[in-house]
Amino acid sequence: MRRSANRRTVLQKSIGLNSSSATSDPYRSGRSVSKEMENIEILFGNYADISSGDIEPAGIESLCSDISISHTDVRMLLLAWKTKAKRQGYFSQYEWCRGLKALRADTLAKLKKALSDLEKEVRSPQNFLDFYSYAFRYCLADIQKNIDLETACELLNIVLASQFPSQTKKLIEFIKFQHEYKVINMDQWTGFLRFCNEINFPSLDNYDSTLAWPLILDNFVEWMLERQN
Amino acid sequence: MASSERKTIDLEQGWDFMQKGITKLKNILEGEAEPQFRSNDYMMLYTTIYNMCTQKPPHDYSQQLYDKYREAFQDYITSMVLPSLREKHDEFMLRELVKRWENHKLMVRWLSRFFYYLDRYFIARRSLPPLYEVGYSCFRDLVYQDINVKVRDSVIKLIDNEREGEQIDRSLLKNVLGIFVEIGMGNMTSYENDFETEMANDTAGYYSRKATNWIVEDSCPDYMLKAEECLKREKERVSNYLHSSSEQKLLEKVQHELLSVYASQLLEKENSGCHALLRDDKVDDLSRMYRLFCKITRGLDPVSQIFKQHVTAEGTALVKQAEDAASHKKPEKRDIVGLQEQVFVRKIIELHDKYMTYVNDCFQNHSLFHKALKEAFEVFCNKGVAGSSSAELLATFCDNILKKGGSEKLSDEAIEDTLEKVVKLLAYISDKDLFAEFYRKKLARRLLFDKSANDDHERSILTKLKQQCGGQFTSKMEGMVTDLTLARENQTSFEEYLNNNSNANPGIDLTVTVLTTGFWPSYKSFDLNLPAEMVKCVEVFKEFYQTKTKHRKLTWIYSLGTCNIIGKFDAKPMDIIVTTYQASALLLFNLSDRLSYAEIMSQLNLTDDDVVRLLHSLSCAKYKILKKEPSTKAITPTDVFEFNSKFTDKMRRIKIPLPPVDEKKKVIEDVDKDRRYAIDASIVRIMKSRKVLDHQQLVMECVEQLGRMFKPDFKAIKKRIEDLITRDYLERDKENPNIFRYLA
């Protein structure tokens with residue numbers, strides 16, 4: 001999808017030397033903002049594809065190798081989250097600038113550090129929920145409302161495994177094992193996080209299937225309990 | 001005589017005179033030889049009192065006379081009555097007491113008459129107790145208070161003797177107890193406190209002792225007989241000599257000691273308790289059990305529980321019996337509802353009849369037992385047999401009754417009766433929608449292949465189903481029946497049309513039945529390649545139908561058609577009745593002598609399944625119209641077929657049935673699909689009206705709404721909720737994921 005050239009010009013104009021309209025942070029002085037912005041834009045230019053004007057998968061590959069972070073690393077997903085990128089594998093200039101500005105990163109080194117910091121910061125419950133939901137939507141293709149099982153499992157691994165390693169492992173095993181569902185929807189996805197937060201694991205003693213847990217989790221608990229006996 | 005001046009009567013003087021009268025009265029009461037009072041005597045006595053009360057002060061002696069009246073009683077009682085009572089005991093004492101009381105009442109009556117003037121004005125003016133009350137109080141205070149405990153104990157002893165079988169003087173007791181009542185002068189406190197309470201306790205003790213023995217020695221029926229007898233006797237006792245107000249208290253005590261205390265032991269007696277009685281069909285004993293236990297609080301609860309367990313066990317045993325019989329079936333017949341299953345349904349009906357009679361007769365139509373019966377049947381009526389659900393079994397049972405050759409031996413009434421009972425059984429089945437679908441499929445076959453035995457019965461059962469399950473249940477089926485009627489009318493119009501348009505003649509007699517799609521089960525219509533002869537038929541009818549209505553689309557279902565073909569065999573020509581599929585295959589042999597399986601299939605344009613089935617029916621079954629090479633029992637794709645000109649039969653006309661495809665799987669699939677829609681619709685309906693609702697309540701209301709047709713599975717409901725969330729009908733509440741909101 002080709003972003004229109006008009007948009008870039010418009011953005012460049014607004015991001016220009018008129019510092020007061022571009023900044024939202026009253027404590028930043030006008031001059032450092034505009035220099036930061038410039039650097040961010042330069043960075044964007046390094047990875048953007050010439051014909052489309054956006055950073056495409058190839059550009060992301062180079063970015064990843066430049067900051068020595070694998071593209072399946074959670075930090076890349078965090079980057080996408082901060083940029084609020086709409087489409088997996090692509091960053092528009094607007095998105096890029098929004099993200100890096102929020103991270104206060106105008107060099108690769110700063111970016112890498114910011115992302116690592118972000119990894120810890122995202123663990124706060126409110127942030128994490130936001131990130132977690134975003135991760136799902138990010139993986140949706142076009143007008144789809146579900147993601148396939150394999151992608152779902154990979155995503156769980158990236159996003160959830162560090163905080164809830166044992167639950168994630170078992171969940172992934174179950175999802176691959178069961179036949180009832182061929183895709184995962186947003187409601188189920190949200191359910192997984194809630195499950196990890198609220199339910200004792202591996203005892204599962206406070207799980208009540210008569211409540212509104214998604215059916216896939218009811219099946220998961222049944223499966224777990226059967227194997228425990 | 002001069003009225004204004006009377007001679008003043010002096011108190012002493014006047015009392016002297018009165019005393020004579022009192023003494024006379026006492027003598028009469030004591031049975032002495034004393035002449036009766038004459039009216040003159042009475043007048044004098046009365047007048048003396050009158051005068052003494054109406055004299056001017058200080059000679060108005062009302063108060064003194066009032067006191068002396070009382071004293072008269074007190075003297076008499078203390079000097080004569082008490083001593084005579086004290087020297088007697090037991091029954092003699094009781095007799096004496098009765099006699100003395102009667103005497104006393106007489107004395108009060110007479111003396112009150114003499115002293116009547118006091119009653120008129122004096123007592124009212126001074127708010128004093130009236131004369132009769134004074135008299136009775138004397139007896140009460142001097143005699144009754146002294147003696148009532150002894151009396152009570154004697155009476156109770158006599159009662160216990162009577163219980164043990166002795167003859168006692170009942171009228172004596174009646175009179176004695178009359179005293180307890182009368183001495184209360186208007187209220188029953190004396191009777192209750194001084195007699196009844198102790199009598200009731202004694203009774204309780206008596207029966208408690210008896211019960212301790214009986215419960216060990218006697219069987220349940222014998223014990224109950226005794227209990228019933230005891231209750232009867234105690235009731236008689238009340239009517240013989242106790243006061244009627246004692247009845248309830250007395251019977252309650254007896255019931256408590258004999259029944260409440262030992263209820264469980266009695267009901268659960270090993271070989272004679274409730275279970276055993278039910279097992280051995282002891283109707284009389286069970287009726288007695290009901291009569292006895294219905295009187296104690298919650299007495300019927302355990303009885304109804306045992307009844308429910310028993311019926312459930314009997315029903316479950318029938319299910320197991322049927323399962324065992326079915327396990328001996330040949331594997332290829334496994335899926336077909338066979339004879340044993342029909343027998344099973346009959347037995348269930350008989351079981352229902354039997355225990356419904358129990359509920360109506362032994363248990364006097366009590367709602368607890370109706371409920372127990374219902375719950376019991378709900379348990380085992382929902383168990384299938386040999387892979388067939390109870391819904392299917394019931395539908396097949398109906399089909400067998402309603403189709404030709406099904407129950408010709410039964411009278412119309414018997415059939416009606418059976419249908420009535422089957423519909424009643426349906427109430428216990430939770431998958432009513434499954435029954436409806438199976439029934440509809442079989443009804444379709446009966447109607448379309450003219451297999452229905454009796455139109456009236458068909459309509460009658462639909463009416464019964466409608467009454468039980470509502471109009472929606474039967475609307476499609478009724479539509480089907482109506483379609484057939486309309487089809488006949490349509491056919492008449494069609495024939496007229498053909499008569500009027502000679503060029504429209506298809507050359508074959510054609511009958512078309514037009515069905516309204518919504519009413520009938522869904523049929524797949526395959527693109528059968530019709531033989532040329534039939535193609536014209538279809539065209540002609542299409543043209544005719546266009547003249548009747550332009551807005552409808554006709555879809556031809558050849559799988560349901562029937563054909564009469566004339567087979568020109570060597571021996572003799574024969575009429576063969578087959579389905580359209582079979583006819584199409586046979587007509588191919590008019591053009592070729594030999595055809596391979598592949599050729600037949602490609603020419604007919606049918607599926608393998610259909611081709612195998614129809615070729616089998618024509619070459620491997622009873623009537624071999626086609627010769628098959630090789631002549632094995634099964635059809636294989638390499639077979640070759642030839643017209644069997646040598647075929648013949650003693651009949652001129654034969655019918656070659658095409659066994660129907662097993663509909664079971666499709667029916668179950670269709671019903672599952674309908675259920676998904678029904679659950680969706682129910683959830684949306686509920687959420688639309690409630691706007692916000694928590695999960696458990698939503699599930700509960702959904703189950704209730706759908707309960708008339710089927711019991712939705714919790715998981716199924718959850719799945720539909722999830723689907724509706726994905727389709728943006730509902731969303732979870734942000735704060736509480738257990739609550740759903742309706743999205744307009």
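In the predicted model, His457(B) is placed in helix α20 of chain B, which spans residues 455-469. With a relative accessible area of 7%, His457(B) is buried, as this value falls under the 20% limit. The C-alpha atom of His457(B) is separated by 8.4 Å from that of Asp412(B), a residue 45 positions away along the chain. A second pairing of this kind involves Asp146(B), which belongs to helix α6 (residues 131-163) of chain B. Asp146(B) and Leu82(B) are 64 residues apart in sequence, and their C-alpha atoms are 9.0 Å apart in space. Asp146(B) is partly exposed, with a relative accessible area of 42%.

Burial of a whole element is illustrated by helix α13 of chain B (residues 283-293), in which 8 of the 11 residues are buried, so that the helix is largely enclosed by the rest of the structure. The buried residues of α13(B) include the charged residues Asp285(B) and Arg288(B), and they also comprise Leu286(B), Ser287(B), Met289(B), Tyr290(B), Leu292(B) and Phe293(B).

The domain assignment divides chain B into domain 1 (11-182), domain 2 (189-297), domain 3 (301-471), domain 4 (487-549), domain 5 (561-655) and domain 6 (664-742). Taken over C-alpha atoms, the centres of domain 1 and domain 6 of chain B are separated by 87 Å.

Chain A contains 12 helices and 2 strands, arranged along the sequence in the pattern α-α-α-α-α-α-α-α-β-α-α-β-α-α. Of its 229 residues, 45% count as buried. An unreviewed UniProt entry places the feature "domain: DCUN1" at residues 35-225 of chain A.

The loop between α11 and α12 (215-228) of chain A holds Pro202(A), which is joined to Phe201(A) by a cis peptide bond with omega of about 0°. Leu204(A) is also placed in the loop between α11 and α12 of chain A, and has a positive phi of about 60° although it is not a glycine. Leu204(A) counts as buried, at 4% relative accessibility. In chain B, the peptide bond from Glu629(B) to Pro630(B) is likewise cis, with omega near -10°, and Pro630(B) is found in the loop between β4 (626-629) and β5 (640-643). Asn365(B) counts as partly exposed, at 45% relative accessibility.

The lining of the second largest pocket divides into 18 nonpolar, 10 polar and 18 charged residues.

The structure also holds 3 cavities of 30 Å³ or more, and the largest cavity has a volume of about 100 Å³. The largest cavity is lined by Phe344(B), Val345(B), Ile348(B), Phe380(B), Cys381(B), Ser390(B), Leu393(B), Leu394(B), Leu425(B) and Ile429(B). Helices α15 (339-360) and α17 (390-402) of chain B each supply at least two residues of this lining, which divides into 9 nonpolar, 1 polar and no charged residues.

With the requirement that two cysteine sulfur atoms lie within 2.5 Å, the count comes to 0 disulfides over all chains. Cys196(A) is in no disulfide, and the nearest cysteine sulfur, that of Cys153(A), is 13 Å away. Cys398(B) is also in no disulfide, the nearest cysteine sulfur being that of Cys469(B), 11 Å away. Both cysteines lie under the 20% limit and therefore count as buried, with a relative accessible area of 4% for Cys196(A) and 0% for Cys398(B).

Notes. Residues numbered from 1 in each chain as written. Chains lettered and ligands numbered in written order. Predicted model: local features only at pLDDT ≥ 70, side-chain atom pairs only at ≥ 80, totals over all residues. Heavy atoms only, no water. Buried < 20%, exposed > 50% of the residue type's maximum accessible area, 1.4 Å probe, protein only. Domains from an automatic or database assignment. UniProt positions renumbered as here; feature names shortened; annotations may be inferred. 1 Å grid on protein atoms, 1.4 Å probe; cavity = no way out; pocket = protein on both sides within 12 Å on 5 of 7 lines; lining within 4 Å. Points joined across faces, edges and corners; volume = space filled by probe spheres on them. Helix = DSSP H or I, 4+ residues; strand = E, 2+ residues; numbered from the N terminus.
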